[in-house]
Every structure is written in C-alpha cells, then in structure tokens.
Amino acid sequence: MEISIPESPHFRNIIAIVFGLMFSAIAVGSVEMLGHQIYPELAELDYDDDAQMRVILSKAPATALACIIAGWTCGIFFGCFVAGVMGTEQGTFCCIVLSGIVVMLAVTMLSQIPMPKWFTFLGLVMLIPGGLAGWWLSRFTLDKLQRSVIDK
C-alpha cells in the first residue's frame, strides 16, 4: 500500500499550521513546567475555585507570572518558526494564522482566569515580538537554504 501526500499548497499550509501549533504547545508547556519547578505553589492551583485563584495569583511573585509570559513568548516564537519554514512560499500566511490562533487562546485563558492587569497587558504585548522573531527566523532560514542550493 502506497501513501501519497497531495502537492496542494493549501494542504501544506494546514500541515504547517498544525505542526506550528504542536511545537508552540510543547514550548509553552516546557517553559511553564520549569516555572512550576521554581514556584511549585502555582502548580497546585485549583482552577475551578475562583476565590482561591484570585488569592494565590494576587500573592504570586511577579517572576512566577513572568515565567508564564516567557512560555507564551517562546511558544509563539517556535510555532511561527516551524509554520514559516514548513509553509515555504506561504510561510508568512501560516505565521499570521498561527499567531491569530495563539492570541485567541491567550485571550480565552485571560478571560477565564483572574490575572493581574499588568500580566494581561504584558502577556498579550509579548506575543507580538515573539511571533515576529519566529517569522523573521523562518524567512532567514529559508533564504539561507535557498542560497546554499543555488550556490551548489
């Protein structure tokens, strides 16, 4: 039995975005897991108890919450990089779609969990440079690969 993958650019875009989201989730989870190793009390949150969430998050050190923002920034960076490289000619489109999905996920999380206002602002703002850096690195990487193929 032979499996063939369609050569459709639309199919490639979907695969690029899905893989970008997977890498994004892995990056966010990894960085947040490191943060939970440093600040284990945040790992014990009962996400269903709003009162407990407000108390713990209001007393949480800013560096503990910064680990979450760092995770989001790394996540969108790696997600845009992977989507941009896999999307090749339409990598910018893949990065834009992936960034939109990540921003929607962040806004959804922020609307459900009571976070400090500085966290909400900084968390959303940091998605912009993270996504742009991932997109830029994907374009830079593809340009270098194309030049090395042309030079040979």
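The stops that follow begin with the overall fold and then turn to individual sites.

**Before starting**

This is a predicted model, in which local features need pLDDT of at least 70 and side-chain atom pairs count only at pLDDT 80 or more, whereas totals for chains, interfaces and linings use all residues. Residues are numbered from 1 along each chain as its sequence is written, and side-chain values use heavy atoms, with hydrogens and water left out.

**Stop 1: the whole protein**

Display the protein as a cartoon. The protein contains 7 helices and 0 strands, giving the pattern α-α-α-α-α-α-α along the sequence. Helices (H or I, at least four residues) and strands (E, at least two) are DSSP runs, numbered from the N terminus. Along the principal axes, the C-alpha atoms fill a box of roughly 60 × 35 × 25 Å.

Of the 152 residues, 34% count as buried. Here, buried means under 20% relative accessible area, exposed means over 50%, and partly exposed lies in between (1.4 Å probe, protein chains only). A contact means heavy atoms within 4.5 Å. Among contacts with a separation of 6 or more, 74% are between residues 24 or more positions apart.

Accessible areas come from the Shrake-Rupley method with a 1.4 Å probe; for residues, only the protein chains shown count as cover.

**Stop 2: the nonpolar patch**

Select Ile14, Val18, Phe19, Met22, Phe23 and Phe78, which form a nonpolar surface patch of about 530 Å². Like charges are joined within 9 Å, and nonpolar side chains (Val, Leu, Ile, Met, Phe, Trp, Tyr) within 5 Å.

Which helix gives the most to this nonpolar patch? The answer is helix H1 (residues 9-38), with 5 residues. Isoleucine 14 is in helix H1 and counts as exposed because its relative accessibility is 52%.

**Stop 3: asparagine 13**

Move to asparagine 13, also located in helix H1. Is asparagine 13 buried or exposed? Asparagine 13 is buried, because its relative accessible area is 6%. Its side chain makes a polar contact with the side chain of glutamine 90 at 2.5 Å. A polar contact is a pair of N or O atoms within 3.5 Å; within protein, one must be able to donate a hydrogen and the other to accept it, and residues adjacent in sequence count only if both atoms are side-chain atoms. Leaving aside residues up to four places away in sequence, asparagine 13 touches Gly87, Gln90, Phe93 and Cys94.

**Stop 4: threonine 88**

Select threonine 88, in the loop between H4 and helix H5 (91-112). Its phi is near 40°, a positive value in a residue other than glycine. Most residues other than glycine have a negative phi. Threonine 88 is buried, with a relative accessible area of 18%.

**Stop 5**

Go to threonine 73 in helix H4 (residues 62-86). Threonine 73 counts as buried, at 16% relative accessibility. The side chain of threonine 73 reaches the backbone oxygen of isoleucine 69 at 2.9 Å. With residues up to four places away in sequence not counted, threonine 73 touches Met126 and Gly130.

Valine 125 is partly exposed, at 32% relative accessibility. Valine 125 and isoleucine 69 are 56 residues apart in sequence, and their C-alpha atoms are 9.7 Å apart in space.

**Stop 6: the cysteines**

How many disulfides does a search of the whole structure find? The search finds 0 disulfides, a disulfide being a pair of cysteine sulfur atoms within 2.5 Å.

Select cysteine 95 and cysteine 80. The closest cysteine sulfur to that of cysteine 95 belongs to cysteine 80, but at 4.4 Å it is too far for a bond. Cysteine 95 is buried, at 3% relative accessibility.

Then select cysteine 74, which is partly exposed with a relative accessible area of 28%. Its closest cysteine sulfur, in cysteine 67, is 10 Å away, too far for a bond.

Key:
Patches are made of residues with over 30% relative accessible area and no salt bridge: like charges are joined within 9 Å, nonpolar side chains (Val, Leu, Ile, Met, Phe, Trp, Tyr) within 5 Å. A salt bridge is a side-chain nitrogen of Lys or Arg within 4 Å of a carboxyl oxygen of Asp or Glu.
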